[in-house]
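Q: I have a model open and want to go through a few spots in it. Can you take my questions as they come?

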Amino acid sequence: MNNLCVEELSVSLGGKPILSNLSANFKGGQFTAILGPNGTGKTTLLKAMMGIIPYKGTVVTRSGSESIPVSRFSYLCQLNKSPSQLTVIEMVLLGLVSQLTWRVNEEQQLLAENMLKSLGLLAMSTQRFSALSGGQQQMVAMAQALISKPKILLLDEPTSALDLRHQVQVLDLAKQYTSDSGAVTVAVLHDLSLAARYSDQLLLLNNGSVVASGEPKLVLRPDLLEQVYQVEVDVGCCNQGHWHVTPTRPTPSYNQDRKIT
Ligand SMILES: Nc1ncnc2c1ncn2[C@@H]1O[C@H](COP(=O)(O)OP(=O)(O)OP(=O)(O)O)[C@@H](O)[C@H]1O
(Lines give C-alpha, C1' and ligand atoms only; values in the text may rest on other atoms or scores of the structure.)
Protein backbone atom coordinates (compact mmCIF):
# COMPACT_ATOMS: atom_id res chain seq x y z
CA MET A 1 0.00 0.00 0.00
CA ASN A 2 1.33 3.43 -0.99
CA ASN A 3 1.16 6.32 1.44
CA LEU A 4 2.30 9.94 1.65
CA CYS A 5 2.42 11.62 5.02
CA VAL A 6 3.31 15.24 5.72
CA GLU A 7 4.12 16.18 9.31
CA GLU A 8 4.53 19.67 10.71
CA LEU A 9 5.60 21.04 7.34
CA SER A 10 6.68 24.68 7.26
CA VAL A 11 7.91 26.61 4.23
CA SER A 12 9.20 30.17 3.98
CA LEU A 13 9.81 31.86 0.61
CA GLY A 14 11.60 35.18 0.23
CA GLY A 15 11.72 35.43 4.03
CA LYS A 16 7.92 35.15 4.29
CA PRO A 17 6.20 32.19 6.01
CA ILE A 18 3.95 30.44 3.44
CA LEU A 19 3.07 27.11 5.11
CA SER A 20 3.07 26.65 8.87
CA ASN A 21 3.09 23.34 10.73
CA LEU A 22 0.94 21.64 8.14
CA SER A 23 0.15 17.93 8.65
CA ALA A 24 -1.83 15.66 6.33
CA ASN A 25 -2.03 12.02 5.32
CA PHE A 26 -2.68 10.83 1.75
CA LYS A 27 -3.59 7.17 1.20
CA GLY A 28 -2.85 5.05 -1.85
CA GLY A 29 -5.83 4.46 -4.14
CA GLN A 30 -7.41 7.73 -3.00
CA PHE A 31 -7.85 11.00 -4.87
CA THR A 32 -7.38 14.07 -2.68
CA ALA A 33 -8.10 17.63 -3.79
CA ILE A 34 -6.33 20.58 -2.21
CA LEU A 35 -8.56 23.63 -2.08
CA GLY A 36 -8.10 27.20 -0.94
CA PRO A 37 -7.97 30.82 -2.08
CA ASN A 38 -5.30 32.22 -4.41
CA GLY A 39 -1.90 32.61 -2.78
CA THR A 40 -2.71 30.38 0.18
CA GLY A 41 0.11 27.88 -0.41
CA LYS A 42 -1.39 25.01 -2.47
CA THR A 43 1.35 24.96 -5.13
CA THR A 44 3.95 25.45 -2.40
CA LEU A 45 2.64 22.32 -0.67
CA LEU A 46 2.90 20.25 -3.87
CA LYS A 47 6.44 21.55 -4.50
CA ALA A 48 7.49 20.69 -0.94
CA MET A 49 6.03 17.19 -1.33
CA MET A 50 8.00 16.89 -4.59
CA GLY A 51 11.12 17.98 -2.71
CA ILE A 52 11.87 20.85 -5.11
CA ILE A 53 11.76 23.61 -2.48
CA PRO A 54 13.32 23.60 0.99
CA TYR A 55 11.05 22.97 3.98
CA LYS A 56 11.08 22.18 7.69
CA GLY A 57 9.24 19.12 8.99
CA THR A 58 8.89 15.73 7.33
CA VAL A 59 7.46 14.29 4.12
CA VAL A 60 7.38 10.51 4.38
CA THR A 61 6.41 8.18 1.53
CA ARG A 62 5.87 4.44 1.88
CA SER A 63 5.17 1.60 -0.49
CA GLY A 64 4.83 -1.32 1.89
CA SER A 65 7.95 -1.11 4.02
CA GLU A 66 10.04 0.82 1.43
CA SER A 67 10.15 4.55 0.85
CA ILE A 68 9.16 5.75 -2.64
CA PRO A 69 12.00 7.27 -4.70
CA VAL A 70 11.31 10.61 -6.36
CA SER A 71 11.67 8.89 -9.77
CA ARG A 72 8.26 7.27 -9.02
CA PHE A 73 6.60 10.69 -8.53
CA SER A 74 4.91 12.62 -11.35
CA TYR A 75 4.27 16.33 -11.00
CA LEU A 76 2.04 18.20 -13.42
CA CYS A 77 2.74 21.89 -12.87
CA GLN A 78 0.31 24.77 -13.45
CA LEU A 79 -0.41 25.42 -17.13
CA ASN A 80 2.14 27.69 -18.72
CA LYS A 81 1.84 27.66 -22.49
CA SER A 82 5.05 26.12 -23.83
CA PRO A 83 6.93 27.02 -27.04
CA SER A 84 8.56 23.54 -27.13
CA GLN A 85 9.42 22.41 -30.66
CA LEU A 86 9.03 18.73 -29.73
CA THR A 87 6.14 16.79 -31.22
CA VAL A 88 3.19 15.73 -29.09
CA ILE A 89 4.36 12.11 -28.82
CA GLU A 90 7.89 13.22 -27.92
CA MET A 91 6.43 15.33 -25.10
CA VAL A 92 4.56 12.29 -23.77
CA LEU A 93 7.70 10.14 -24.02
CA LEU A 94 9.55 12.72 -21.89
CA GLY A 95 7.49 11.35 -19.00
CA LEU A 96 9.65 8.22 -19.31
CA VAL A 97 12.89 10.20 -19.32
CA SER A 98 14.48 8.19 -16.52
CA GLN A 99 13.98 4.98 -18.56
CA LEU A 100 14.82 6.25 -22.06
CA THR A 101 18.01 5.47 -23.97
CA TRP A 102 19.07 6.86 -27.38
CA ARG A 103 16.40 4.83 -29.10
CA VAL A 104 12.74 4.68 -28.02
CA ASN A 105 11.71 1.02 -28.08
CA GLU A 106 8.48 -0.34 -29.53
CA GLU A 107 6.94 -0.89 -26.10
CA GLN A 108 7.57 2.72 -25.06
CA GLN A 109 6.19 4.01 -28.38
CA LEU A 110 3.05 1.89 -27.93
CA LEU A 111 2.64 3.09 -24.35
CA ALA A 112 2.81 6.72 -25.48
CA GLU A 113 0.33 6.09 -28.29
CA ASN A 114 -2.08 4.40 -25.89
CA MET A 115 -1.84 7.32 -23.45
CA LEU A 116 -2.68 9.73 -26.28
CA LYS A 117 -5.52 7.46 -27.43
CA SER A 118 -7.06 7.39 -23.96
CA LEU A 119 -7.28 11.19 -24.10
CA GLY A 120 -8.49 11.30 -27.71
CA LEU A 121 -5.22 12.93 -28.84
CA LEU A 122 -3.67 10.23 -31.02
CA ALA A 123 -4.39 12.09 -34.27
CA MET A 124 -2.18 14.95 -32.99
CA SER A 125 0.82 12.79 -32.14
CA THR A 126 3.11 14.20 -34.86
CA GLN A 127 2.08 17.84 -34.45
CA ARG A 128 4.41 20.36 -32.81
CA PHE A 129 3.50 20.78 -29.12
CA SER A 130 3.89 24.57 -29.50
CA ALA A 131 1.10 24.60 -32.10
CA LEU A 132 -1.50 23.18 -29.68
CA SER A 133 -4.06 25.22 -27.76
CA GLY A 134 -3.59 25.70 -24.00
CA GLY A 135 -6.18 23.03 -23.24
CA GLN A 136 -4.63 20.55 -25.67
CA GLN A 137 -1.19 21.18 -24.13
CA GLN A 138 -2.68 20.55 -20.69
CA MET A 139 -4.05 17.17 -21.78
CA VAL A 140 -0.70 16.17 -23.30
CA ALA A 141 0.96 17.15 -20.01
CA MET A 142 -1.49 14.79 -18.26
CA ALA A 143 -0.48 11.97 -20.61
CA GLN A 144 3.18 12.78 -19.80
CA ALA A 145 2.44 12.62 -16.06
CA LEU A 146 0.71 9.24 -16.28
CA ILE A 147 2.93 7.36 -18.74
CA SER A 148 5.54 6.41 -16.13
CA LYS A 149 2.81 4.86 -13.91
CA PRO A 150 3.79 6.96 -10.89
CA LYS A 151 3.16 5.85 -7.32
CA ILE A 152 2.70 9.50 -6.30
CA LEU A 153 0.77 11.74 -8.72
CA LEU A 154 0.74 15.47 -7.95
CA LEU A 155 -1.47 17.61 -10.20
CA ASP A 156 -1.54 21.41 -10.03
CA GLU A 157 -4.83 22.66 -11.50
CA PRO A 158 -4.93 19.91 -14.16
CA THR A 159 -8.25 21.11 -15.61
CA SER A 160 -7.78 24.89 -15.50
CA ALA A 161 -7.80 25.24 -19.33
CA LEU A 162 -10.26 22.47 -20.16
CA ASP A 163 -13.86 22.58 -21.37
CA LEU A 164 -16.49 20.56 -19.50
CA ARG A 165 -16.08 17.34 -21.51
CA HIS A 166 -12.29 17.39 -21.22
CA GLN A 167 -12.42 18.16 -17.48
CA VAL A 168 -14.44 14.98 -17.00
CA GLN A 169 -12.21 12.99 -19.37
CA VAL A 170 -8.98 14.01 -17.60
CA LEU A 171 -10.32 13.55 -14.08
CA ASP A 172 -11.96 10.21 -14.97
CA LEU A 173 -8.59 9.03 -16.24
CA ALA A 174 -6.73 10.25 -13.12
CA LYS A 175 -9.34 8.74 -10.80
CA GLN A 176 -9.35 5.40 -12.62
CA TYR A 177 -5.56 5.29 -12.62
CA THR A 178 -5.52 6.06 -8.89
CA SER A 179 -7.92 3.29 -7.92
CA ASP A 180 -6.44 0.71 -10.34
CA SER A 181 -2.80 1.34 -9.43
CA GLY A 182 -3.13 2.25 -5.74
CA ALA A 183 -1.21 5.49 -6.41
CA VAL A 184 -1.50 8.47 -4.09
CA THR A 185 -3.09 11.29 -6.13
CA VAL A 186 -3.18 14.86 -4.88
CA ALA A 187 -4.69 17.54 -7.14
CA VAL A 188 -5.02 21.28 -6.61
CA LEU A 189 -8.45 22.30 -7.89
CA HIS A 190 -10.33 25.61 -7.80
CA ASP A 191 -13.66 24.15 -8.93
CA LEU A 192 -15.16 22.93 -5.65
CA SER A 193 -17.99 20.99 -7.34
CA LEU A 194 -15.52 19.14 -9.55
CA ALA A 195 -13.32 18.49 -6.51
CA ALA A 196 -16.28 17.06 -4.59
CA ARG A 197 -17.29 14.89 -7.54
CA TYR A 198 -13.88 13.20 -7.86
CA SER A 199 -12.27 13.30 -4.42
CA ASP A 200 -12.24 10.76 -1.62
CA GLN A 201 -10.84 13.49 0.59
CA LEU A 202 -10.59 17.29 0.47
CA LEU A 203 -7.93 19.39 2.19
CA LEU A 204 -8.96 23.02 2.60
CA LEU A 205 -6.09 25.47 3.14
CA ASN A 206 -6.16 29.06 4.26
CA ASN A 207 -3.14 31.27 4.93
CA GLY A 208 -0.80 28.27 4.76
CA SER A 209 -2.66 26.06 7.24
CA VAL A 210 -5.23 23.28 6.98
CA VAL A 211 -8.62 24.56 8.10
CA ALA A 212 -10.61 21.40 7.27
CA SER A 213 -10.03 17.95 5.83
CA GLY A 214 -12.10 14.85 5.18
CA GLU A 215 -14.95 13.70 2.97
CA PRO A 216 -16.46 16.39 0.68
CA LYS A 217 -19.69 16.68 2.68
CA LEU A 218 -17.69 17.45 5.85
CA VAL A 219 -15.50 20.12 4.26
CA LEU A 220 -17.99 21.88 1.98
CA ARG A 221 -19.83 23.67 4.79
CA PRO A 222 -21.26 27.01 3.67
CA ASP A 223 -20.14 28.82 6.85
CA LEU A 224 -16.57 27.56 6.48
CA LEU A 225 -16.37 28.29 2.74
CA GLU A 226 -17.73 31.78 3.31
CA GLN A 227 -15.06 32.50 5.91
CA VAL A 228 -12.21 31.08 3.80
CA TYR A 229 -13.21 32.45 0.37
CA GLN A 230 -15.04 35.59 1.62
CA VAL A 231 -17.92 34.83 -0.70
CA GLU A 232 -21.47 33.68 -0.06
CA VAL A 233 -22.17 30.22 -1.41
CA ASP A 234 -25.01 27.80 -2.08
CA VAL A 235 -24.03 24.23 -1.26
CA GLY A 236 -26.30 21.37 -2.28
CA CYS A 237 -26.44 17.74 -3.22
CA CYS A 238 -28.04 16.65 -6.50
CA ASN A 239 -30.10 13.50 -7.16
CA GLN A 240 -26.99 11.57 -8.21
CA GLY A 241 -25.43 12.33 -4.83
CA HIS A 242 -22.90 14.88 -6.15
CA TRP A 243 -22.16 17.94 -4.02
CA HIS A 244 -22.08 21.28 -5.77
CA VAL A 245 -20.99 24.73 -4.67
CA THR A 246 -22.21 27.91 -6.35
CA PRO A 247 -20.66 31.24 -5.34
CA THR A 248 -23.38 33.91 -5.20
CA ARG A 249 -21.75 37.21 -4.09
CA PRO A 250 -18.74 38.48 -2.13
CA THR A 251 -19.40 38.68 1.61
CA PRO A 252 -20.25 42.27 2.48
CA SER A 253 -17.50 42.63 5.10
CA TYR A 254 -14.43 41.36 3.24
CA ASN A 255 -11.52 41.02 5.64
CA GLN A 256 -8.40 39.26 4.44
CA ASP A 257 -6.94 38.81 7.92
CA ARG A 258 -10.06 37.32 9.49
CA LYS A 259 -9.28 34.31 11.68
CA ILE A 260 -10.95 31.03 10.67
CA THR A 261 -12.52 29.04 13.47
N1 LIG B 1 9.63 32.03 -5.15
C2 LIG B 1 8.87 32.73 -4.32
N3 LIG B 1 9.39 33.73 -3.57
C4 LIG B 1 8.63 34.42 -2.70
N5 LIG B 1 7.31 34.19 -2.50
C6 LIG B 1 6.74 33.21 -3.23
C7 LIG B 1 7.47 32.43 -4.18
N8 LIG B 1 6.64 31.52 -4.75
C9 LIG B 1 5.43 31.75 -4.19
N10 LIG B 1 5.49 32.75 -3.29
C11 LIG B 1 4.37 33.26 -2.47
O12 LIG B 1 3.84 32.17 -1.76
C13 LIG B 1 2.44 32.34 -1.57
C14 LIG B 1 1.76 31.03 -1.92
O15 LIG B 1 1.94 30.77 -3.32
P16 LIG B 1 1.32 29.47 -3.99
O17 LIG B 1 1.70 29.52 -5.43
O18 LIG B 1 1.69 28.28 -3.21
O19 LIG B 1 -0.23 29.76 -3.81
P20 LIG B 1 -1.49 28.97 -4.39
O21 LIG B 1 -2.37 28.67 -3.23
O22 LIG B 1 -1.05 27.82 -5.20
O23 LIG B 1 -2.15 30.09 -5.29
P24 LIG B 1 -2.99 30.06 -6.67
O25 LIG B 1 -4.32 29.46 -6.33
O26 LIG B 1 -3.11 31.51 -7.00
O27 LIG B 1 -2.22 29.27 -7.68
C28 LIG B 1 2.03 33.52 -2.43
O29 LIG B 1 1.83 34.63 -1.59
C30 LIG B 1 3.22 33.77 -3.33
O31 LIG B 1 3.37 35.13 -3.60
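Q: Is Ser-84 buried or exposed?
A: Ser-84 is buried, because its relative accessible area is 17%. Buried means under 20% relative accessible area, exposed over 50%, and partly exposed in between, with a 1.4 Å probe and protein chains only. This is a predicted model, where local features need pLDDT of at least 70 and side-chain atom pairs count only at pLDDT 80 or more, while totals for chains, interfaces and linings use all residues. Residues are numbered from 1 along each chain as its sequence is written, and side-chain values use heavy atoms, with hydrogens and water left out.

Q: Where is Ser-84 found?
A: In the loop between β5 (73-76) and α2 (88-93). Helices (H or I, at least four residues) and strands (E, at least two) are DSSP runs, numbered from the N terminus.

Q: What is Ser-84 in contact with, leaving aside its neighbours within four places in sequence?
A: Met-91, Phe-129 and Ser-130; contact means heavy atoms within 4.5 Å. The side chain of Ser-84 also reaches the backbone nitrogen of Leu-86, at 3.1 Å. A polar contact is a pair of N or O atoms within 3.5 Å; within protein, one must be able to donate a hydrogen and the other to accept it, and residues adjacent in sequence count only if both atoms are side-chain atoms.

Q: Switching to the ligand. How many residues surround the ligand?
A: 15, and the closest are Gly-39, Lys-42, Thr-43, Thr-44 and Gln-78. A residue is near a molecule or strand if one of its heavy atoms lies within 4 Å of it. The shell has three nonpolar, nine polar and three charged residues. Here Ala, Val, Leu, Ile, Met, Phe, Trp, Tyr, Cys and Pro count as nonpolar, Asp, Glu, Lys and Arg as charged, and the others, Gly among them, as polar.

Q: Which helix gives the largest share of the shell?
A: α1, with three residues.

Q: What lies 2.8 Å from an oxygen atom of the ligand?
A: A polar side-chain atom of Lys-42. A backbone N or O atom of Gly-39 is also 2.8 Å from a ligand oxygen.

Q: Now α5. What should helix α5 span?
A: Its 18 residues (164-181) should span 26 Å at 1.5 Å a residue, and the end C-alpha atoms are 26 Å apart, which agrees. The expected span is 1.5 Å times one less than the number of residues.

Q: What follows α5?
A: Gly-182, whose phi is positive, near 75°.
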